[in-house]
Amino acid sequence: MNAALASTTVAGAAAQATSDASDTRRLRDALGAYPTGVTIVTTRGPDGRAVGLTVNSFASLSLAPALLLWSLANRSPNRRAFRAASHFAINVLAAGQEALARRFANPALADKFDGVAWQPAPALEVPLLAGTLAHFVCECRDAIEAGDHTLFIGRVEQHMHVDGEPLVFHAGHFAALR
Ligand SMILES: Cc1cc2nc3c(=O)[nH]c(=O)nc-3n(C[C@H](O)[C@H](O)[C@H](O)COP(=O)(O)O)c2cc1C
């Protein structure tokens, strides 16, 4: 390849990378236009360790049977734990639990559960966080690879809810309804 062609190709690749990055940014911004609640999804690793992360991809899927879904980035260090686990729990955060949401979205923390109030679900051991608006303890029914995420489908085995204001996520920011 001559030098002029090589530099054109390199410049073209750089321009493509920039345009891919700005497309991804615009897609993320568009997705952020849709407000969601905020959850922390938890399970136990094969070694019994509590694991969890902040998730807003949670959605209900079916009422009869009671199924719900969420998706996990394949780069997550907790992917193996969730794939191996028989159960997981969805903890729906209340308006005052933004600090908890930020904590469980921080990949740098060695133990996200350190200093956090929680108890194991009856008979199933998956962590249920204190002070939440609702939780769903689910048997993992399916884990489907889709793009750069894995879609988890769970069947609800236990659930609870209390009245209260939810924590909301919109346009990259935490918010409250009122
Ligand atoms: C509001 C909010 C929602 C999020 N939703 C998801 C999600 O649905 N799936 C996901 O894999 N990561 C999601 N994340 C990012 C993870 O919480 C974050 O990458 C976390 O560090 C993952 O933990 P891990 O690295 O220990 O797996 C979200 C983060 C925030 C702040």
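Reader: How many disulfides does the structure hold?

Author: The structure holds zero disulfides. Keep in mind that this is a predicted model. A disulfide is a covalent bond between the sulfur atoms of two cysteines.

Reader: Which cysteine sulfur is nearest to that of Cys 138, and how far away is it?

Author: The nearest is the sulfur of Cys 140, 8.9 Å away.

Reader: Is Cys 138 buried or exposed?

Author: Cys 138 is buried, because its relative accessibility is 0%.

Reader: Now the rings. What describes a pair of aromatic rings?

Author: Two values do: the distance of the centres and the angle of the planes. In this structure the count comes to eight aromatic pairs. One of them joins Phe 82 and Phe 152. Their centres are 6.1 Å apart, with 55° between the planes, and the pair is tilted.

Reader: Where in the chain do Phe 82 and Phe 152 lie?

Author: Phe 82 is in helix H2, residues 79–84. Phe 152 is in strand S10, residues 149–161. They are 70 residues apart, so the pair links distant parts of the chain.

Reader: What kind of pair do Phe 104 and Phe 113 form?

Author: Their planes stand at 85°, so the pair is edge-to-face. The ring centres are 5.0 Å apart. Both residues are buried.

Reader: Which residues do ring pairs link into a cluster?

Author: Trp 70, Phe 82, Phe 88 and Phe 152.

Methods. Residues numbered from 1 in each chain as written. Predicted model: local features only at pLDDT ≥ 70, side-chain atom pairs only at ≥ 80, totals over all residues. Heavy atoms only, no water. Phe/Tyr/Trp six-rings, centres within 6.5 Å; stacked < 30°, edge-to-face > 60°. Helix = DSSP H or I, 4+ residues; strand = E, 2+ residues; numbered from the N terminus. Buried < 20%, exposed > 50% of the residue type's maximum accessible area, 1.4 Å probe, protein only. Disulfide = S-S within 2.5 Å.
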